[in-house]
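User: I'd like to go through the labels on this model one at a time. Could you set each value against its cut-off for me?

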Amino acid sequence: MSNSKIPEQALKTKGSNPIVTTIFTADPSAHVWDDGKIYIYASHDMDPARGCDLMDRYHVFSSEDMVNWLDEGEILSSDGVAWGRPEGGFMWAPDCAYKNGTYYFYYPHPSGTSWNDTWKIGVATSDQPASGFVDQGYVEGLGGFALIDPCVLVDDDQRAYMYYGGGGICLGLELDEDMMSARGEIIQFEGIEDFHEAAWVFKRNGLYYLTYADNLHANNQMRYAISESPLGPWTYKGIFLEPTGCDTTHGSVAQFKGKWYLFYHNQVVSGIGNLRSMCIDELEFNDDGTIRMVLQTKEGLAPADVLTLAHPNPNDYSVANCVVGGGATIQQVADNVEAITGLELPGSYCHFDHIDGSTGGRAAIYIHHATEQYVTKLRLQVNDIDYTLINAMSTGSLTNFTGCAQITVQLEAGSNNTIKLAGGNGAINIIGITVIPFNY
Ligand code: FUB
């Protein structure tokens with residue numbers, strides 16, 4: 001497999017958890033689509049957090065080997081939801097489904113200021129898996145208290161089922177052909193012990209598995225039930241993910257290149273329950289189809305494939321292309337190594353100008369850095385649009401430049417783009433950035 005959006009400096013040969021650290025991501029919903037890649041649709045904990053109410057700006061991540069994950073960029077924010085609550089925020093756990101050439105992105109969002117009384121399940125559609133989504137309104141005909149955490153299963157016979165719910169109630173229904181309205185009755189599931197939220201249904205060997213988060217106080221676990229039909233009745237089977245250290249838990253299950261995986265989140269990067277990070281570990285089954293307890297690892301996965309890099313000429317911008325200010329300076333920090341330093345100072349910044357955006361649209365940015373502390377934060381602005389705080393993870397020292405924080409942003413066509421990084425949140429040295437427009 002080859003990937004043209006990853007430069008050599010960023011290629012990983014082994015996994016680690018969490019899999020995405022540049023921004024905070026939660027509630028991962030994973031799917032393998034016809035292009036052979038695996039995609040994760042995640043919610044985005046905005047930093048700094050304030051409960052879960054500021055959550056916004058869904059990003060999608062893709063991989064060909066389960067180890068190298070590319071941020072495909074933002075696909076929807078509350079600004080793009082005409083029927084949504086005027087104050088925005090509350091873009092909670094989403095999912096995506098594919099049917100007849102269209103990708104359907106489902107997301108819970110309140111329609112009114114009184115957020116907990118006005119949940120809807122919104123739908124945005126695209127003919128691409130990770131871009132071009134346009135909101136189409138919300139699923140009609142749903143009922144129940146908490147219209148959160150949608151999951152959609154398109155079965156082998158192409159009939160589609162939606163699952164959702166919170167606050168102890170889990171509901172399921174068949175969706176109509178339009179994928180946006182209920183067909184038939186909505187069923188409240190019984191027998192799924194200690195259900196809290198985060199329903200996810202997958203199918204394996206003809207059996208349906210319903211996984212969900214339980215109510216263990218401040219330390220939810222994941223449990224599951226099985227059925228021979230998509231809408232139950234369900235037989236409860238037990239716990240398969242112990243607490244992750246985060247007060248919420250939320251997971252999905254997908255098979256990729258022969259193995260099954262559990263996608264979940266924890267809070268190891270931030271230490272804060274509302275600033276979460278996605279992880280993946282293997283999901284194994286016993287011969288009778290029951291799920292084994294998942295081993296949560298820091299090491300993550302071995303690559304599921306060999307990735308080669310296809311980009312002929314990644315655009316590297318060194319410190320020579322950079323303007324610094326607010327106390328930041330360009331210094332020689334090692335033999336033949338010049339870096340932007342002083343970014344720990346409040347008010348410090350650097351900006352790279354005349355960045356080539358090709359014909360405009362999405363571009364992957366890689367920030368090449370060294371930092372000693374576990375996580376250092378930078379405020380990213382692109383052409384004056386604020387992408388808020390991003391994380392740069394420890395490389396062990398201020399002269400080990402193996403750090404590579406990646407995020408995908410929007411660039412204008414031509415070579416007049418500006419990428420600005422503001423400091424003041426920890427000591428970090430930067431030797432340059434790589435920018436790869438998606439449409440090269
Ligand atoms: O991320 C916001 C909410 O927290 C989700 O909708 C729940 O499943 C929990 O993860």
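Analyst: Happy to; what follows takes the ligand site, the aromatic rings and some backbone points in turn. This is a predicted model, in which local features need pLDDT of at least 70 and side-chain atom pairs count only at pLDDT 80 or more, while totals for chains, interfaces and linings use all residues. Residues are numbered from 1 along each chain as its sequence is written, and side-chain values use heavy atoms, with hydrogens and water left out.

User: What makes a residue one of those around the ligand, and which residues are they?

Analyst: The residues around the ligand are Asp-27, Met-55, Trp-92, Ala-93, Asp-149, Glu-197, Thr-248, His-250, His-265 and Arg-276. This shell divides into three nonpolar, three polar and four charged residues. Here Ala, Val, Leu, Ile, Met, Phe, Trp, Tyr, Cys and Pro count as nonpolar, Asp, Glu, Lys and Arg as charged, and the others, Gly among them, as polar.

User: How far is the side chain of Asp-27 from an oxygen atom of the ligand?

Analyst: An N or O atom in the side chain of Asp-27 is 2.5 Å from a ligand oxygen. The protein covers 98% of the 280 Å² of accessible area that the ligand has on its own (Shrake-Rupley method with a 1.4 Å probe; for residues, only the protein chains shown count as cover). For His-250, a polar side-chain atom lies 2.7 Å from an oxygen atom of the ligand, and Arg-276 also has a polar side-chain atom at 2.7 Å from a ligand oxygen.

User: Why is the pair of Tyr-41 and Phe-105 called tilted?

Analyst: Rings of Phe, Tyr and Trp (its six-membered ring) pair if their centres lie within 6.5 Å; planes under 30 degrees apart count as stacked, over 60 as edge-to-face and the rest as tilted. By this rule the count comes to 27 aromatic pairs. Tyr-41 and Phe-105 are 6.1 Å apart centre to centre with 40° between the planes, hence tilted. Tyr-41 lies in strand β3 (residues 38-45) and Phe-105 in strand β7 (residues 102-110), so the pair ties together parts that are 64 residues apart in sequence. Strands are DSSP runs (E, at least two residues), numbered from the N terminus.

User: How do you know that Tyr-41 is buried?

Analyst: Buried means under 20% relative accessible area, exposed over 50%, and partly exposed in between (1.4 Å probe, protein chains only). Tyr-41 has a relative accessible area of 0%, so it is buried. Phe-105, at 0% too, counts as buried.

User: Why is Asn-100 called exposed?

Analyst: Asn-100 has a relative accessible area of 65%, so it counts as exposed. This residue lies in the loop between β6 and β7, and has a positive phi of about 50° although it is not a glycine.

User: And is Thr-388 buried or exposed?

Analyst: Thr-388 is at 11% relative accessibility, so it counts as buried. Its place is strand β29 (residues 385-393), and its phi is near 60°, a positive value in a residue other than glycine.

Methods: A residue is near a molecule or strand if one of its heavy atoms lies within 4 Å of it. A polar contact is a pair of N or O atoms within 3.5 Å; within protein, one must be able to donate a hydrogen and the other to accept it, and residues adjacent in sequence count only if both atoms are side-chain atoms. Helices (H or I, at least four residues) and strands (E, at least two) are DSSP runs, numbered from the N terminus.
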